[in-house]
Amino acid sequence: MAGFQVLNRTTGDRFTCQDGQSVLKAMEQLGLKCVPVGCRGGGCGYCKIRVLEGEFECGKMSKVHVPPEAVEKGEVLACRIYPLTDLTIECVPLPEAALAKQTTTKSLR
Amino acid sequence: MKKGVMRPGHVQIRVLDMDEAVKHYTDLLGMIETDRDDQGRVYLKAWTEVDKFSLVLREADEPGCDFMAFKVVNEEALSQLERDLVEYGVEVEQVPAEELKDCGRRVRFSVPSGHAFELFADKKYTGKWGLSSVNPEAWPRGLQGMKAVRFDHCLFYGPELAAVYDIFVNVLGFHLAEQVLDPEGTRIAQFLTVSMKEHDIAFIHHEEKGKFHHASFFLETWEDVLRAADLISMTDTSIDIGPTRHGLTHGKTIYFFDPSGNRNEVFCGGDYFYPDHKPVTWQAEQLGKAIFYHDRVLNERFLTVLT
Ligand code: FES
Ligand SMILES: [Fe+2]
């Protein structure tokens, strides 16, 4: 079968990612919502995930959201990783700054 | 009150990959590359702009906005504004002429929301692109993509809007055209102008300092906005939302992202402003409609995805 299988362990969602396609794009095309979608350009940090198993290539990502230490721990941006094998991923809890942002958002509603 | 600040002059945006960024801003937005410097920065302008550049791209490992600059009427006004800023307690930094090619000296300062701004009086006048200044044709041929008309404004996210308001209104002579007030009467969004436009710059309250929401480029018609949406699909560019209308300013708009995740807007229309206009107020309870007039619900991504 063409493409690679991606399993999101946090939500249980599975989807196929074509060769050369980013994990986020593959997920979006199938109408899944198991990773938050932001800029799709490696800039906003919204789509951060942790890769637990599998090999992948990385495109350029903002260093504020993905410092080199994070890449070593498999913490990367779903919009900027391209699988080379099947992958198992999990959602990364939003950092405190992002949680604070969400609270601000709520208070605006 | 007129203090001599005339209009947005330029914005310097950080990008992760210069080649991809230049392709985006030229092929898709239709801006024109006018120069490059030995730091590797690329200078661009939109076709109706008379100065040499309005957008500077700098390659960096983190996207976002370095600074936005306003052009002032002349050197005397620049010196006076500089003194006024210092007197008000704002620290200013001198950026020498030619730090940006063909641009005169710039006065740089930061505001409490964590954003850097500049004032300058001189930049090389190159005239509208592709048109003569004598008996000009309606528009030049050879424009690409969305054919952006001009760099129009930026929206920034950060804290301490009241302190930012004081600097822009009391020191720099901007006017408050529109605002969003929460139930306690605190201003959580401010749209400021130095012109007849409904905004030349805007701020929305956000805990984290120095965040960049979007740089916006003007188009003439709703048909142009629709055509921009078509081009976004044709080029598989990351879309945010639109085409739609804002409640705030009533502009007709579409949002999308550059290849490094910086948000762009192209828009047309919108209200106008004269100094005798009182500010338009939107209530925070109506923020959904204020931002997206048709959907009338808040879009999480619009409020939280920033560079
Ligand atoms: S969606 Fe913005 S970094 Fe991936
Ligand atoms: Fe805008």
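**Entry 1. Terms and model.** I call a residue buried when its relative accessible area is under 20%, exposed when it is over 50%, and partly exposed in between (1.4 Å probe, protein chains only). The model is predicted, and I noted that local features need pLDDT of at least 70 and side-chain atom pairs pLDDT 80 or more, while totals for chains, interfaces and linings use all residues. Residues are numbered from 1 along each chain as its sequence is written, chains are lettered from A and ligands numbered from 1 in the order in which they are written, and side-chain values use heavy atoms, without hydrogens and water.

**Entry 2. Two residues with positive phi.** I looked up B:Glu160 and found its phi near 55 degrees, a positive value in a residue other than glycine. B:Glu160 sits in the loop that runs from S9 to helix H3 (161-171) of chain B; helices (H or I, at least four residues) and strands (E, at least two) are DSSP runs numbered from the N terminus. With a relative accessible area of 45%, B:Glu160 is partly exposed. I then turned to B:Lys147, where phi is also positive, near 55 degrees. B:Lys147 belongs to the loop between S8 and S9 of chain B. I recorded B:Lys147 as partly exposed, because its relative accessible area is 37%.

**Entry 3. A cis peptide bond.** I found that the peptide bond leading from B:Gly242 to B:Pro243 is cis, its omega being near 0 degrees. B:Pro243 is part of strand S14, residues 239-245 of chain B.

**Entry 4. The iron ion.** Which residues coordinate the iron ion (ligand 2)? I listed B:His153 (NE2), B:His214 (NE2) and B:Glu265 (OE), at 2.1 to 2.2 Å. A donor here is an N, O or S atom within 2.8 Å of the metal (3.2 Å for Na, K and Ca); water is not among the atoms, so sites may look incomplete. Along the chain, the donors of the iron ion (ligand 2) follow the spacing H-x60-H-x50-E. B:His214 lies in strand S13 (residues 211-218) and B:Glu265 in strand S16 (residues 263-268) of chain B, so that this pair, 51 residues apart, links distant parts of the chain.

**Entry 5. Salt bridges.** In general, side chains of opposite charge can pair when their charged atoms come close. I took a salt bridge to be a side-chain nitrogen of Lys or Arg within 4 Å of a carboxyl oxygen of Asp or Glu. How many salt bridges does a search of the whole structure find? The total over all chains is 30.

I began with B:Arg41 and B:Glu99, whose side chains meet at 3.4 Å, N to O. B:Arg41 lies in the loop between strand S2 (32-36) and strand S3 (42-45), and B:Glu99 in the loop between strand S6 (92-95) and strand S7 (106-111) of chain B, so the pair ties together parts 58 residues apart in sequence. B:Arg41 is buried, at a relative accessible area of 2%, whereas B:Glu99 is partly exposed, at 26%.

Next I examined B:Lys71 and B:Asp51, a salt bridge whose closest N and O atoms are 2.9 Å apart. This pair links distant parts of the chain, 20 residues apart: B:Lys71 is in strand S5 (residues 64-72) of chain B, and B:Asp51 is in the loop between S3 and strand S4 (55-59) of chain B. I recorded B:Lys71 as buried at 11% relative accessibility and B:Asp51 as buried at 4%.

I then looked up B:Arg105 and B:Glu82, which form a salt bridge at 3.0 Å, N to O. B:Arg105 lies in the loop between S6 and S7 of chain B and B:Glu82 in helix H2 (residues 75-88) of chain B, so parts 23 residues apart in sequence are tied together. Is B:Arg105 buried or partly exposed? B:Arg105 counts as partly exposed at 22% relative accessibility, while B:Glu82 is buried at 15%.

**Entry 6. Domain record.** I consulted UniProt, where an unreviewed entry places the feature "domain: VOC" at residues 7-122 and 150-269 of chain B; positions follow the numbering used here, feature names are shortened, and annotations may be inferred rather than shown by experiment. Residues 7-122 of chain B are 22% helix and 41% strand, with the end C-alpha atoms 13 Å apart. Residues 150-269 of chain B are 20% helix and 46% strand, and there the end C-alpha atoms are 13 Å apart.

**Entry 7. B:Asn135.** Finally, I located B:Asn135 in the loop between strand S8 (115-120) and S9 of chain B. B:Asn135 is exposed, because its relative accessible area is 70%. From B:Asn135 to B:Leu16 the separation is 119 residues in sequence and 42 Å in space, C-alpha to C-alpha.
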